[in-house]
Amino acid sequence: MIVDTALWSSLPVPALLLASDDVIVASNPAAESFLNMSSRALTGQRLWEKVMIDAPLEAPFSRARQNHTSLFVNDVDVGSGEGVPMLCNLQFSPLQGADDMMIMMISPREIVGRINQNQSSEKAAKSAIGMAEMLAHEIKNPLAGITGAAQLLSMGLAPEDQEMTDLIVAESRRIVKLLEQVEQFGNLRPPERKPVNIHDVLDRARQSAAVGFGAHMLFVEDYDPSLPQTLADADQLLQVFLNLLKNASEACKDAGTIRLRSFYDASLRVRRSDGTQDRLPLQVEIIDDGPGLPPKIANDIFEPFISGRDNGTGLGLALVSKLIGDAGGWISVDSVPGRTVFRISLPLAPKDITTGDI
C-alpha cells in the first residue's frame, strides 16, 4: 500500500485515497463505518458516485489536483445516499511521493438538535442574533457620548496634550464600526431578488475599490460578455464583492493584482438537504496574488470572528457567506501562497421575470 498500513488504519477521521481519475483506491476503517460501506464496495468506484456531497466540488477538486494544492470545504452535508447525511468539513490534499494521488479526509461536525434543525436551531439562531443586535445598539449609544465628550475635551487642550483624546475618539469609532458589522447579522429581511447583470455590479465594486482601499492594486477584468443575468439582491451582491475586494487589497499590502473573472459552468449543481438540486451555473472568481490564507484558519474562514489579520474583526467573510447563502448561491475558497481564489456560484434569473435595472 502507498501509505503506511498501521497509520492509515489508525486515522480517527474517515479517509479515502483517490487515483488520478477520482477512483477510490483505498478506504480506512473510519470511512467504511461513516459511509456504511465495505472497502470492497468502495474500491474501484468513482468518488462522486459513491459519496454524496452537498456542494459542486468536481471542478475545484480538479484544479487542486492540477496545481498540487490542498482544498478545504466547510459545512457541507456528506453521506452515502442512505440515511441522514452529516454536516462535515472536507480536506483534499496531494499525497507526497505519488503523482496525481489525493487523500480526502472527512471531519464530521456534531450539531445539537440536527434532526429538528428547522425548528429548534432556527429559533436559537434568531434568539442569538437578536441578542447581539440589541447589545450592539445599546453599546453604540454610550459610545457616541464618549466620543463627543472626548472631542469637547480636546478643544481646551494644547496640541501636545491631545494624543489621549484622539486615541479615545479613534478607538470609539473602531468599536462602532465593529458593532455595525454585528448589527448586519441581525438583518433578517429576505433579499429583494431581481434580475441582475453581474458585470454591472462587479464594475461598481471595482471602481469603488480602485479609488479607495484598492488604489495600490492592479485590477484585471476577465469577463464572459455572454453571461446571462442572475437572480439576486443587487445591493447585497455589491456588498459581497466589496468585502472580497477589500480583503484581497489588504492581503497585498504594497502592491498586487486582483483578477475579476466570470464564466458559465452548466455542470455545477448543489444538492439541498431535502434532496432537490439547484443549478448554479454563473461563476464569479476574485483572485489575488497575495500571501494566501493562514493554514490555521483555512478550515474556518467563513466563521464569525475568524480573521487572519491582527486588527481584523472576523465578520467580513462570515457576512459574505450569509449573504450568498441567502441568495441561494454557494461560495468556496482555494488558497495557496501567491494565489487565493474566492469563487461565487449563483443561479440564473428565470426567463419569465421581466428584466430590471440594478
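Author: Let us start with the nonpolar core. The largest one has 38 residues, and F241 and L244 have the most contacts inside it. This is a predicted model: local features need pLDDT of at least 70, side-chain atom pairs count only at pLDDT 80 or more, and totals for chains, interfaces and linings use all residues. Residues are numbered from 1 along each chain as its sequence is written, and side-chain values use heavy atoms, with hydrogens and water left out.

Reader: What makes a set of residues a nonpolar core?

Author: The members are buried Ala, Val, Leu, Ile, Met, Phe, Trp, Tyr and Cys residues, joined through side-chain atoms within 4.5 Å. α9 gives the most, with eight residues. Apart from this core lies another, of 28 residues, with A31, L35, W48 and F92 among them.

Reader: Why is V201 called buried?

Author: Buried means under 20% relative accessible area, exposed means over 50%, and partly exposed is in between (1.4 Å probe, protein chains only). V201 has 0% relative accessibility, so V201 counts as buried. V201 lies in helix α8. V201 and F241 are 40 residues apart in sequence, yet 8.1 Å apart in space, C-alpha to C-alpha. Over the protein chain of 358 residues, 41% count as buried.

Reader: What makes a stretch a helix or a strand?

Author: Both are DSSP runs, numbered from the N terminus: helices are H or I with at least four residues, strands are E with at least two. The protein chain has 10 helices and 15 strands. One of the strands is β15 (residues 339-346), where S345 lies.

Reader: Is S345 buried or exposed, and why?

Author: S345 is at 0% relative accessibility, so S345 counts as buried.

Reader: What does the side chain of S345 make a polar contact with?

Author: Its partner is the side chain of Q283, at 2.6 Å. A polar contact is a pair of N or O atoms within 3.5 Å; within protein, one must be able to donate a hydrogen and the other to accept it, and residues adjacent in sequence count only if both atoms are side-chain atoms. The 2.6 Å pair is therefore within the cut-off.

Reader: Which residues does L244 touch, leaving out those up to four places away in sequence?

Author: L244 touches I286, L317, V320, I331, F342 and I344. Contact means heavy atoms within 4.5 Å.

Reader: How do you know that β3 and β4 pair?

Author: Two strands pair if DSSP finds at least two bridges between them. β3 and β4 (residues 71-79) have two bridges, so they pair, in the antiparallel sense. M52 has G79 in β4 as its bridge partner. Both strands belong to an open sheet of six, in the order β2-β1-β6-β5-β4-β3.

Reader: Why are β2 and β3 called edge strands?

Author: β2 (24-27) and β3 (52-53) each pair on one side only.

Reader: How many disulfides does a search of the whole structure find?

Author: The search finds zero. A disulfide is a pair of cysteine sulfur atoms within 2.5 Å. C88 is buried, with a relative accessible area of 0%. C252 is buried too, at 4%.

Reader: Is N36 buried or exposed, and why?

Author: N36 has a relative accessible area of 60%, so N36 is exposed. N36 is found in the loop between α2 (29-35) and α3 (39-42). Phi of N36 is near 60 degrees, a positive value. Most residues other than glycine have a negative phi.
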